[in-house]
Amino acid sequence: NYEIVYTKQNTHGLIEEMKMTNLEKYDRIFLQNFPVKKEDLPGLKYRGLKEWDSVGHMDLVGLIEETFGINLSTLDVLEFSTYEKGKTILAKYGVEI
């Protein structure tokens with residue numbers, strides 16, 4: 001399931017539509033916020049990186065909520081402890097990853 005995420009101007013001045021799956025969006029949030037590579041994502045854990053501290057966690061949650069148009073419950077925010085657990089939590093909100 002694809003949708004338009006954003007547009008950008010290419011080197012020829014033409015507007016290109018960039019399309020991403022929910023998984024690509026989810027991965028991009030992590031990759032833009034933490035100094036990791038895509039292959040590191042499956043094992044990523046809260047406090048596993050100095051950047052994924054309490055402040056980094058709230059930034060991550062905010063971006064996920066904004067990107068997918070959802071509001072996570074307090075319990076789900078607290079339980080969002082790994083990259084993989086996040087996918088399970090998003091599924092509860094109807095976000096297919």
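This is a predicted model: local features need pLDDT of at least 70, side-chain atom pairs count only at pLDDT 80 or more; totals for chains, interfaces and linings use all residues.
Local features here need pLDDT of at least 70 and side-chain atom pairs pLDDT 80 or more, while totals for chains use all residues. Residues are numbered from 1 along each chain, and side-chain values use heavy atoms, with hydrogens and water left out.

Q: Why are α1 and α4 called oblique to each other?
A: The axes of α1 (residues 22-33) and α4 (residues 83-92) cross at roughly 135 degrees. Angles under 35 degrees count as roughly parallel, over 145 as roughly antiparallel, 65 to 115 as roughly perpendicular and the rest as oblique. So α1 and α4 end up oblique.

Q: What makes up the contact of α1 with α4?
A: With contact meaning heavy atoms within 4.5 Å, Leu 23, Tyr 26, Asp 27 and Phe 30 of α1 meet Tyr 83, Gly 86, Lys 87 and Leu 90 of α4. By class that's 5 nonpolar, 1 polar and 2 charged residues; Leu, Phe and Tyr count as nonpolar, Asp and Lys as charged, and Gly as polar.

Q: Which residues of α4 are buried, and how do you know that they line one face of the helix?
A: Buried means under 20% relative accessible area (1.4 Å probe, protein chains only), and in α4 the buried residues are Tyr 83, Gly 86, Ile 89 and Leu 90. Looking down the axis of α4, they fall within an arc of 110 degrees, so they line one face. The arc is taken from the directions from the helix axis to the C-beta atoms.

Q: What covers the buried residues of α4?
A: The cover includes α1, α2 (54-68) and α3 (74-79).

Technical notes: Axes are lines fitted to C-alpha atoms, for helices over the stretch in contact, and angles run from 0 to 180 degrees between N-to-C directions. Helices (H or I, at least four residues) and strands (E, at least two) are DSSP runs, numbered from the N terminus. Buried means under 20% relative accessible area, exposed over 50%, partly exposed in between (1.4 Å probe, protein chains only).
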